[in-house]
Amino acid sequence: MSSRILFKDRTVVITGASGGIGKAIALQLASYGARTFLLSRNVTVLQQIKEEIESLNGISEIIQCDVSNIDEVRRAGEKIREISGGADILITCAGKYVQDNSSLLDMEAFHDSISVNFFGTLNIIHSLLPQMKERRKGHITIINSLDSGKGIVGDGPYVAAKSALDGFGDVLRQEMKQFGIRVTSVYPGRVDTPMIESIKVPSISAKIKPDKVAKAVLKGIRKNRALVIVPATLSFIPVLNKIAPVMMDKLYRLFRLEGEVIK
Ligand SMILES: NC(=O)c1ccc[n+]([C@@H]2O[C@H](COP(=O)([O-])OP(=O)(O)OC[C@H]3O[C@@H](n4cnc5c(N)ncnc54)[C@H](OP(=O)(O)O)[C@@H]3O)[C@@H](O)[C@H]2O)c1
């Protein structure tokens with residue numbers, strides 16, 4: 001089925017829609033005629049994206065919402081049900097890059113990362129899942145990170161939260177099958193967005209454009225893929241890390257894949 005047929009008039013909820021990947025997904029969906037609900041904390045930016053979508057003759061609604069706040073997420077879910085009867089597709093894109101050298105074990109950093117990256121994702125799924133189950137259809141796409149397949153030095157809090165999400169997504173996909181709900185987990189490598197703008201990465205892990213990730217996300221939904229790794233050339237990383245983690249540690253050290261913070 002073509003994207004135009006699949007996404008036309010579908011209600012798609014996107015968290016983290018004010019940022020690089022979420023915004024790119026929202027704009028591509030608008031061009032296919034989807035009705036998008038854009039969620040994030042920054043309504044000023046969301047309003048600008050809504051106007052950009054409307055200039056393309058698309059329809060979108062914005063909802064201010066901190067995904068780590070369960071009450072705000074519940075209210076957002078109720079509003080989506082009131083306006084459109086529920087979500088056909090949910091794309092959880094809200095995320096925060098929280099670093100800490102684990103020798104310091106900054107507990108606040110770990111709580112912060114788990115609260116946004118892990119519980120922030122669970123909160124919105126929890127809010128929209130009952131209605132998907134009632135209708136016995138829906139598609140949930142979780143934007144994870146390739147870092148959950150191979151941890152990067154200094155990224156303990158971020159990797160911990162994304163790894164938890166990796167396990168959860170794997171279970172959710174299997175458990176939702178009986179309700180006709182599909183689940184896709186997406187694992188981007190480095191992406192050129194505000195999230196990592198202060199990090200200079202080696203050319204071997206060059207940042208890809210958010211549009212490329214958005215395209216892979218929509219293809220993953222269309223083809224009902226369980227997993228999407230983007231760019232696909234990096235698909236070997238999680239597999240090789242399970243078989244030969246120490247060799248992978250050496251490769252990551254050799255190529256300095258943690259990158260360098262630009263002051
Ligand atoms: N960039 C990369 O290299 C990369 C690689 C792999 C995976 N990812 C993942 O891709 C997703 C999107 O990241 P991005 O690269 O597009 O980053 P980004 O440009 O920084 O966007 C992050 C988005 O998350 C939203 N957000 C952050 N905290 C939130 C909260 N508490 N409640 C609601 N929304 C919140 C931000 O909106 P507000 O500030 O308006 O709330 C923003 O829309 C994230 O899950 C990230 O982990 C990124």
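This is a predicted model: local features need pLDDT of at least 70, side-chain atom pairs count only at pLDDT 80 or more; totals for chains, interfaces and linings use all residues.

Modeller: Arg256 counts as partly exposed because it has 13 C-beta neighbours inside 10 Å; a residue is called buried if 20 or more other C-beta atoms lie within 10 Å of its own, exposed if 12 or fewer do, and partly exposed in between, with the C-beta atoms placed from the backbone. Residues are numbered from 1 along each chain as its sequence is written.

Arg256 lies in the loop between helix H9 (245-254) and strand E9 (260-261), where helices (H or I, at least four residues) and strands (E, at least two) are DSSP runs numbered from the N terminus. The phi of Arg256 is near 50°, a positive value in a residue other than glycine. Leu105, which is not a glycine either, has a positive phi of about 40°, and its place is in the loop between E4 and H5. Leu105 is exposed, since 11 other C-beta atoms lie within 10 Å. Most residues other than glycine have a negative phi, and most peptide bonds are trans.

Strand E5 (residues 138-143) is mostly covered, with six of its six residues buried. In a regular strand the side chains alternate between the two faces of the sheet. In E5, Gly138, Ile140 and Ile142 point one way while His139, Thr141 and Ile143 point the other way, and all of them are buried.

E5 has strand E4 (residues 89-92) as a partner, the two running parallel and joined by four bridges; strands are said to pair if DSSP finds at least two bridges between them. Within this pair, Ile91 stands opposite Thr141 in E5. The chain passes from E4 through helix H5 (residues 107-135) to E5 in a right-handed β-α-β crossover, the hand being called right if, with the strands pointing away from the viewer, the path from the first strand over the helix to the second runs clockwise.

E5 also pairs with strand E6 (residues 181-188), in the parallel sense and over six bridges, and the bridge partner of Ile140 in E6 is Val183. Here, too, the unit is a right-handed β-α-β one, made of E5, helix H6 (residues 156-176) and E6.

Pro188 belongs to E6, and with 24 C-beta neighbours inside 10 Å Pro188 counts as buried. Leaving aside its neighbours within four places in sequence, Pro188 is in contact with Ser145, Leu146, Val213 and Val230, contact meaning that the C-beta atoms of two residues, placed from the backbone, lie within 7 Å. Leu146 is also in contact with Ile237, which, with neighbours within four places left aside, touches Gly149 and Lys150 as well. Ile237 sits in helix H8 (residues 236-243) and counts as buried, having 20 C-beta neighbours inside 10 Å.

The ligand has a shell of 30 residues around it, of which Gly16, Gly19, Arg41, Asn42 and Gly95 come nearest; a residue is taken as near if its C-beta atom, placed from the backbone, lies within 6 Å of the molecule. The elements giving two or more residues to this shell are helix H2 (20-31) and H5, and H2 gives the most, with three residues.

As for the whole protein, its secondary structure comes to nine helices and nine strands. Its radius of gyration is 18 Å, close to the 18 Å that the globule rule gives for 263 residues, so the protein is as compact as a globular protein of that length; the radius is taken over C-alpha atoms, and the rule is 2.2 Å times the number of residues to the power 0.38. Of the 263 residues, 44% count as buried.
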